[in-house]
Amino acid sequence: MMTKALTFIREFLTFRRFAIVGVSNDPKKYGHIVYHNLKDKGFTVFAVNPNVEQVDGDPCFPNLASLPEPIDGVVLVVPPNVTETIVREVADLGIPRVWMQPGAESQEAIHFLQTRNIGVVHDACIMQMT
């Protein structure tokens, strides 16, 4: 089982264009840290948070539907109840993969994604895998 999960994680990270949902301007918050970590590692990242207009000069989008171009996946850095809402938007938009950062996981959301054949990573920090 662990080998299958690691293989999927490696495959997930071969893609380079992600929306980071839950971005923050507070450098102490994980939404801020994850956004900058992936950006610094060469990923194309789009900030998503309806309560933030910009992150260090980059535009921040209110939702996934408002992104200016297609993405390969979504990284969630939000509370579980928000995750449960966002995964429905992911499915509606046909986004093929989701990474739930520790603390964002929801069994309901994981099940929702699995039943729709949307790839999901949970119980792993994306910053430790890149």
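**A tour of the cores and the cysteines**

Begin by selecting Leu64, Val74, Leu76, Val90, Met100 and Leu113, the residues with the most contacts inside the largest nonpolar core, which has 24 residues. A nonpolar core is a set of buried Ala, Val, Leu, Ile, Met, Phe, Trp, Tyr and Cys residues joined through side-chain atoms within 4.5 Å, where buried means under 20% relative accessible area, calculated with a 1.4 Å probe on protein chains only. The model on your screen is predicted, so local features need pLDDT of at least 70 and side-chain atom pairs count only at pLDDT 80 or more, while totals for chains, interfaces and linings use all residues. Residues are numbered from 1 along each chain as its sequence is written, and side-chain values use heavy atoms, with hydrogens and water left out.

Next, colour β1 (17–21), β2 (44–48), β5 (73–76), α3 (80–93), β6 (97–100) and α4 (107–115), each of which supplies at least two residues of this core; α4 gives the most, with 4 residues. These helices (H or I, at least four residues) and strands (E, at least two) are DSSP runs, numbered from the N terminus.

Now centre on Val90, which, leaving aside its neighbours within four places in sequence, is in contact with Leu64, Val74, Ile95, Val98, Leu113 and Ile118, contact being heavy atoms within 4.5 Å. Then move to a second, separate core of 23 residues, which includes Leu13, Trp99, Ala124 and Ile126.

Finally, look for disulfides (pairs of cysteine sulfur atoms within 2.5 Å): a search of the whole structure finds 0. Select Cys60, whose nearest cysteine sulfur, that of Cys125, is 20 Å away. Cys60 counts as buried at 10% relative accessibility, and Cys125 is buried with a relative accessible area of 14%.

How values were computed. Buried means under 20% relative accessible area, exposed over 50%, partly exposed in between (1.4 Å probe, protein chains only).
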